[in-house]
Structure formats: C-alpha cells, structure tokens
Amino acid sequence: MASFGKTSFSHASYASFRPSYPQHLYAIVLGFHKGPRRLLVDLGTGHGLICRSLASVFEKVVGTDPSEGMIKQAKTATTEDEYPNIDFVRASAESLPFIKDESVDMAVAGQAAHWFDYPKLFKEMRRIIRPGGTLAFWGYTDHVFRDYPKASRLLHETAYGMSKDLLGPYWQQPGRSIVQNFLRDIKPPLGEWEVERGEYDPNLLGPQSKQGRFVMERRMSVVATMEYMRTWSSYHGWKETHPDKRARSAGGEGDVVDALFEQIREAEPDWQGQENWQDKEVDIEWGTALVLARKKQ
C-alpha cells in the first residue's frame, strides 16, 4: 500500500509543498491530442492539481485516486462554484466501472503512473478511451540544486543510501525505480497505441540546459525544500521506523532531513555564516519524463 493511502500521511503537506506543473507541459499534451475534449480522466489525482489546471479545456473532468485522504484534499481544494465540471471518485486506475466504454477523450497521470499494475491498467485504458484518444503519463525524479552541486550530491546520498538511518531502504519498489528510470518501463502495447516519449535529466545535460520537452523548475526557500522532502513516501517510511526522531520544525531534536541540510550547510560556503540560512532562496530543477500515447483506430 502506498504511504499516501495511510491515515498518518499528511495530505495537506503534500498539497502545499509538492511542485506544480508548468504550462508548457499542458501545451505539449494538448498539442499531441486530436479530436474532441469532452471527458478527461485524471488517474491518481492526488489533491486535484491536474483536474483544476485542465478544467477549462474539457467539458467534464473526473479525478480518481485510491486514497480517501487524497480525495478529501482534492475536494477541499476544488470549489464547486469555481470548478462545476470536476468530480472526484475514490477508485484505482485499473478499475473504473463507472466510466463508459470508449467515452474518454484523454486519460492522464502526473507523478502517479509508477504505482499502477500495467497489464490491468492498459486493459482498462483500452476499454474506456475512444479510438484516437490520448493517454499521457508524466513524472519527475529527484530535484537538483541548480547552483550547488555539492548539495545535490549530498541529497542523492541521503535519498538512496541503504543505511537504515537514510532514506534508501524506505522507497517502495519497483515504483521508485520506474520514476528514476524516466518511466521507460511503462510500455503501452504498440499494437494498440502510437507512443512518443520525452525526458530531461539535469544531472546529464547540466542544470538550465533546457534540452528536454518537459522541464520543471522552481525558486524555493531552503525550508520549503526541506518540507518538500518530508512529503516523500520514503521519508514517511523512515519516520515510522524512527518515531523518536522528530523534525526541528515540529519541535523535535532533528530528523534525517535536518541532518542532511546541516551537511549541506557545512559543504556549501554560500550557506555558512547566515543566521537565517533556512530562509535562503535556491533554484531547483527536477528530472522529468513524459509518455504520450494515442489509441489506434
């Protein structure tokens, strides 16, 4: 079971600190799509970000998620007055019996497709998406600090080091490996779908190279990047194993994220000697992947 479905997971923090998607991503997806825009289904909707972003270009939008907490967060963030054409339903992506056959123009999943059971998923997508309709999956890997390579290296060591005191043992697999591999393991059956792919890896191409179809970047305070890390499923697993180690921001003596950022502060000269160093703003980039598929006629 994904950490997001557990009652102890903070769905509000997830909504507050997870990155949003740039408008050029939606432009790429909509540019790929052909035909009517009557019904959009967002799989693994989370707090409903994609539904709200695309509500103005589809007649009807349905967001689904297996987590009751996420559905509640999505409904809280999506007022009926502002978004009368959006519905949220608790459901898994692999079973959508309330959706009619070949009635969906587009199905999407943002930072969720790595959780799916692909044989069951593609069978259900084949059923619900109309001929010529679109399937669009995208996701993002770990962030890098654009101007601070030592910070990026230390973050990676904490994220994937296999000591029980680091985050590596607590990633749920194979989901995390699928994300880290830029969704290449997600393979819509070629006999049924026309497929295009795109990816951007700032670790290989260099930060700010912009040599990808889909680039995510954001200027954030250091404290916001710390709270973002605390939305990771691996952090939730770590916290369950270390219940006595609480974040300083929550009144504790420090957790794995606090320890990481103390290391970064020692390694990066620009972070030293500043009393309010957590208020410092830094430029962040994420590696990104995009899978676009069109159902064959």
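Q: Where is confidence lowest in the protein, and where is it highest?
A: This is a predicted model, where local features need pLDDT of at least 70 and side-chain atom pairs count only at pLDDT 80 or more, while totals for chains, interfaces and linings use all residues. Confidence is lowest in helix α1 (residues 11–17), with a mean of 60, and highest in strand β1 (residues 39–43), at 99. Here pLDDT is the predictor's confidence in each residue, from 0 to 100. Helices (H or I, at least four residues) and strands (E, at least two) are DSSP runs, numbered from the N terminus.

Q: And what is the mean pLDDT of the protein?
A: The mean is 92, and 91% of the residues reach 70 or more. Residues are numbered from 1 along each chain as its sequence is written, and side-chain values use heavy atoms, with hydrogens and water left out.

Q: Okay, helices. At what angle do α6 and α11 pack?
A: Helix α6 (residues 149–160) and helix α11 (residues 256–267) pack at about 150°, and their axes are 9 Å apart. That makes α6 roughly antiparallel to α11. Axes are lines fitted to C-alpha atoms, for helices over the stretch in contact, and angles run from 0 to 180 degrees between N-to-C directions. Under 35 degrees counts as roughly parallel, over 145 as roughly antiparallel, 65 to 115 as roughly perpendicular and the rest as oblique.

Q: Which residues make that contact?
A: From α6 there are Lys-150, Ala-151, Leu-154, Leu-155 and Thr-158. From α11 come Val-256, Leu-260, Gln-263, Ile-264 and Ala-267. Contact means heavy atoms within 4.5 Å.

Q: How many of them are nonpolar, polar or charged?
A: The contact of α6 with α11 has 7 nonpolar, 2 polar and 1 charged residues. Ala, Val, Leu, Ile, Met, Phe, Trp, Tyr, Cys and Pro count as nonpolar, Asp, Glu, Lys and Arg as charged, and the others, Gly among them, as polar.

Q: How do the axes of α9 and α11 cross?
A: The axes of α9 (residues 222–229) and α11 come within 10 Å and cross at roughly 140°. That makes α9 oblique to α11. Val-222, Thr-225, Met-226 and Met-229 of α9 meet Val-257, Asp-258, Leu-260 and Phe-261 of α11. By class, these divide into 6 nonpolar, 1 polar and 1 charged.

Q: New topic: which residues does a cis peptide bond join?
A: Gln-173 and Pro-174, with omega about 10°. Pro-174 sits in the loop between α6 and α7 (175–180).

Q: What about phi of Gln-111?
A: Phi of Gln-111 is near 55°, a positive value in a residue other than glycine. Gln-111 lies in the loop between β4 (104–110) and α5 (118–128).

Q: Last one: where is Glu-94, and what does Glu-94 touch?
A: Glu-94 is in the loop between β3 (86–90) and β4. Not counting residues up to four places away in sequence, Glu-94 touches Phe-116, Asp-117, Lys-120, Leu-121 and Glu-124. Glu-94 and Ala-151 are 57 residues apart in sequence and 39 Å apart in space, C-alpha to C-alpha.
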